[in-house]
Amino acid sequence: MAASILTLAPQGLYCPAGDFYVDPMRPVPRALITHGHADHARAGHGAVMATAETLAIMALRCGAGFARSQQVAPLGETIEVGGISVSFHPAGHVLGSAQIALTQGPEKIVVSGDYKRAADPTCLPFEPVACDIFITEATFGLPIFHHPDAAAEVAKLLDSVAMFPERTHLVGAYSLGKAQRLAALIRQAGWDRPLYIHGAMDKLMHFYAAQGIALGEVIRVADTGRAKLPGEIVLCPPSSLGDAWSRRFADPVACFASGWMRTRARARQRGVELPLIVSDHADWAELTATIRETGCREVWVTHGEADALVHWAGTQGIGAMPLHMLGYGDEDEAADQAAASA
Amino acid sequence: MNRFAELLDRVSYEPSRNGKLRLLAHYFRTTGDPDRGYALAAITGTLNFANAKPALIRGFIADRVDPVLFGLSYDYVGDLSETVALLWPAATAPAEADPDRRNAPHNTLSDIVETLAATGKAQLPRTIALLLDRLDEKGRWALLKLITGGLRIGVSARLAKTALASLRDCEVNEIEDIWPGLSPPYLPLFAWLDGHGERPASDTAAQFRTPMLAHAIEDRDFAGLNPAEHVAEWKWDGIRVQAAAGTGADGVRIARLYSRTGEDVSAAFPDLVDMLVDGRFGDAALDGELLILREGRVQSFGVLQQRLNRKTVSAKLLVDYPAHIRAYDLLYENGEDLRQLPFAERRQRLEVFVTRAASDRLDLSPQIPFESWEALAAARADPRSAGAGEDAEAVEGVMLKRSDSPYLPGRPKGQWWKWKRDPFILDAVLMYAQRGHGKRSSFYSDYTFGLWRKGSAGDEIVPVGKAYFGFTDEELKQLDRYVRDHTTNRFGPVREVAATVDEGLVLEVAFEGVQRSTRHKSGVAMRFPRISRIRWDKPSRDADRLETLEGLIAASAREGSGAEPGR
């Protein structure tokens with residue numbers, strides 16, 4: 001690895017000068033965390049630095065004692081850590097998500113975490129940060145991935161609800177971020193009936209609402225008795241779509257809101273009848289535009305479909321390197337596990 | 001085209017069989033001719049274009065998308081049509097401004113089908129590109145599906161015919177019976193289904209009759225069955241066929257060989273057609289197994305495969321791979337439909353028929369005498385000494401038929417049973433994985449596995465085979481995760497995973513047989529391998545050795561397929 005600010009250790013990306021890790025996959029003495037998804041924000045570190053929202057989300061999901069000490073990183077402010085200037089900048093992924101910029105002398109490196117460029121009523125928009133080395137995700141790093149306008153996808157959902165008023169629309173959505181974004185979009189589209197949720201989403205729904213995000217009336221399915229909820233919209237973790245739990249509803253229509261729904265095989269593998277392409281990650285056009293925008297001379301790809309992005313960067317004269325980091329990109333399973341333990 | 005694209009789209013996402021039937025029936029009921037006929041042809045795989053071929057599509061996407069990015073995308077999506085539909089660059093000029101586009105064919109399905117059929121090779125790429133520009137993503141996908149043939153939307157020809165039958169409330173087998181005489185766009189068929197046309201005549205001279213299939217028998221089934229009411233035959237490891245011959249209205253002999261799905265495969269078997277055309281065969285339809293016989297001995301399925309899926313059949317192939325039918329049943333003879341007769345009576349007629357036909361390409365499927373289930377189990381375990389003799393290697397189990405069973409189309413309950421030989425079992429180590437296609441695309445679902453052998457530097461693992469099914473969807477996810485987390489090397493779409501004495505995943509592989517092969521590094525080829533269990537618990541060093549697999553070849557050569565290791 002060319003730069004000395006960050007190196008790749010078994011625990012994750014490591015900064016020797018500051019003696020800290022970014023989004024480590026195993027417990028470490030000092031960690032900087034980009035966002036609250038379970039594959040990036042693990043419990044058991046010594047000291048954790050993150051945005052106030054991310055710290056609150058970690059406490060909600062892992063308990064208040066998720067780390068020995070916590071430090072809030074206000075967005076845009078510079079904090080010195082062992083000769084490294086650290087600053088956090090909005091990543092547009094989920095509430096509290098941030099890119100982390102590390103500067104040492106003339107060299108600046110930005111760890112984007114997960115990010116997206118599309119508008120999201122539940123979090124601050126991504127802010128490009130000029131840098132020498134940009135560390136990007138590539139969850140949807142293939143040119144086939146194009147995320148259409150999320151409002152149009154939500155309109156598809158509401159059309160389907162109108163077409164099948166006797167059926168329950170069961171929408172699989174990750175518990176952190178996607179569920180709240182969908183809820184907000186559904187409200188923006190004018191749906192004013194209560195939204196029903198799986199119990200695993202309850203805490204995070206409340207947390208988002210407490211941050212002033214308009215989600216309207218949200219009711220836990222468990223609180224409705226044995227109601228079959230025909231004509232209603234129920235949000236649940238993706239893993240619950242095929243669960244015995246889903247059979248309580250009226251002839252449910254399985255919907256899944258995810259960037260993976262772009263390909264038919266993925267939808268069919270999950271038995272999804274109504275695929276909704278709504279993603280909190282950057283699609284191909286956003287990834288490539290963002291890399292160009294940062295003006296970086298080198299891009300490192302943490303996880304996802306790295307090969308295509310690395311190839312593309314080469315054709316643009318940008319140095320590129322896949323990190324093949326294992327353990328990221330599992331927010332599906334991570335969220336499912338969180339749901340199971342919630 | 002929009003309606004057709006909409007149909008394919010909705011059907012492809014519909015998980016339930018009944019839901020698919022509803023969608024198909026609705027489409028056939030509400031769509032006009034000839035569009036619905038072409039749609040039916042596309043779904044049943046009978047639409048073929050002389051010039052519009054998949055290679056053409058690969059060619060012109062290569063002009064528009066970086067080939068490396070295309071390759072990676074195709075590898076991920078696992079479906080050529082879908083990949084191109086997703087990657088196709090949005091049209092740049094509005095249609096009205098471009099004279100070529102203004103003159104492009106209209107977008108009904110029939111227009112498109114007729115255009116594709118009529119356009120010459122040189123013009124075709126431009127025509128298709130224009131169509132792709134005009135269509136939306138769904139339409140592009142449907143058009144490309146048409147061109148590439150296999151729709152892969154989870155609808156079999158049988159399901160489409162079942163939907164047709166629902167239009168008229170008739171049995172699907174009524175459709176099957178007339179199907180071989182029909183061709184796209186099926187106007188007489190739809191007229192009849194709509195209730196304002198005659199039932200299309202079945203091509204009676206050598207018509208296809210839906211075959212009768214057997215259920216796999218389970219241990220608990222035997223308790224309810226009386227050996228005295230059943231007869232047993234060997235289950236031959238060939239291709240189930242139906243041979244039919246008759247005399248047309250003009251006095252000309254007609255002979256056809258059908259696959260069990262009703263596909264006419266006569267062209268690939270002129271040697272058998274010669275026998276059927278012969279007057280001694282008469283007007284008849286029989287059910288049997290297609291085999292290769294050399295000097296009276298049944299050859300393995302591997303040998304038979306050399307004769308299958310060939311467009312042209314050379315004289316040398318006919319000599320080296322002589323085709324043969326081993327007769328199971330007689331369905332029709334000289335104007336008489338025998339299918340309602342009890343099996344025992346049909347068998348007597350069949351014996352007389354085979355004797356009279358006196359062809360060295362036709363013989364009777366021998367019966368296995370047995371008094372008790374124990375006796376039949378012993379025969380199944382050792383076909384060689386139970387009458388199959390030298391042909392034992394081509395036996396894949398036994399068939400059990402009620403003596404009084406009529407010949408019923410489809411898979412009726414409680415009439416016929418198949419009792420397959422137990423598979424061979426070995427524990428192998430996962431070595432490489434590749435992404436799958438169709439339903440499993442984007443998952444690492446094709447697994448190459450190996451066995452231990454002594455190498456120059458101690459023990460090494462040598463690849464012996466590849467399997468891509470046998471596991472559940474849940475296990476597939478676990479295997480995919482395992483591959484991603486244990487990748488040690490990447491070769492294009494293939495990932496190498498750690499496979500050493502200390503690290504590696506053991507897969508229990510079931511297979512039907514093993515042969516010497518020069519095409520495989522290990523020198524052996526397994527037949528029909530599949531993953532029977534994932535041995536998360538077993539250390540890789542305890543997996544089986546190549547010598548064990550080689551021993552099976554020796555054993556089966558010595559003792560026939562009676563050798564049953566593993567279980």
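A: Let's begin with chain B: among its contacts with a separation of 6 or more, 69% are between residues 24 or more positions apart. Keep in mind that this is a predicted model.

Q: Thanks! How many helices and strands does chain B have?
A: Chain B has 21 helices and 21 strands.

Q: And what is the radius of gyration of chain B?
A: It is 27 Å, close to the 24 Å that the globule rule gives for 567 residues, so chain B is as compact as a globular protein of that length. Its C-alpha trace spans about 80 × 70 × 50 Å along the principal axes.

Q: What share of the residues in chain B is buried?
A: Buried residues are 39% of the 567 in chain B.

Q: Let's move to the chain contact. How many residues of chain B are in contact with chain A?
A: On the chain B side there are 21, and they meet 20 residues of chain A.

Q: Which helix supplies the largest share of that side of chain B?
A: That would be α5(B), with six residues. The elements of chain B that each supply at least two residues there are α1 (2–13), α5 (67–77), α6 (80–87) and α20 (473–485). By class, this side of chain B has nine nonpolar, seven polar and five charged residues.

Q: Switching to chain A, what domains does the assignment give?
A: Domain 1 covers 7–144 + 280–341, and domain 2 covers 150–276. The C-alpha centres of these two domains of chain A are 28 Å apart.

Q: Nice. In what order do the strands of the open sheet in chain A run?
A: The six strands go β1-β2-β3-β4-β5-β6, with mixed pairing. At the edges are β1 (7–9) and β6 (67–72) of chain A, each pairing on one side only. From one strand to the next the twist averages 35 degrees.

Q: In what sense do β2 and β3 of chain A pair, parallel or antiparallel?
A: Antiparallel: β2 (residues 12–15) and β3 (residues 20–22) of chain A pair over three bridges. As one example to look up, Tyr14(A) has Tyr21(A) in β3(A) as its bridge partner.

Methods
Residues are numbered from 1 along each chain as its sequence is written. Chains are lettered from A and ligands numbered from 1 in the order in which they are written. This is a predicted model: local features need pLDDT of at least 70, side-chain atom pairs count only at pLDDT 80 or more; totals for chains, interfaces and linings use all residues. Two strands pair if DSSP finds at least two bridges between them. Helices (H or I, at least four residues) and strands (E, at least two) are DSSP runs, numbered from the N terminus. Axes are lines fitted to C-alpha atoms, for helices over the stretch in contact, and angles run from 0 to 180 degrees between N-to-C directions. Two residues are in contact if their C-beta atoms, placed from the backbone, lie within 7 Å. Ala, Val, Leu, Ile, Met, Phe, Trp, Tyr, Cys and Pro count as nonpolar, Asp, Glu, Lys and Arg as charged, and the others, Gly among them, as polar. Domain bounds come from an automatic or database domain assignment. The radius of gyration is taken over C-alpha atoms; the globule rule is 2.2 Å times the number of residues to the power 0.38. A residue is buried if 20 or more other C-beta atoms lie within 10 Å of its own, exposed if 12 or fewer, and partly exposed in between; C-beta atoms are placed from the backbone.
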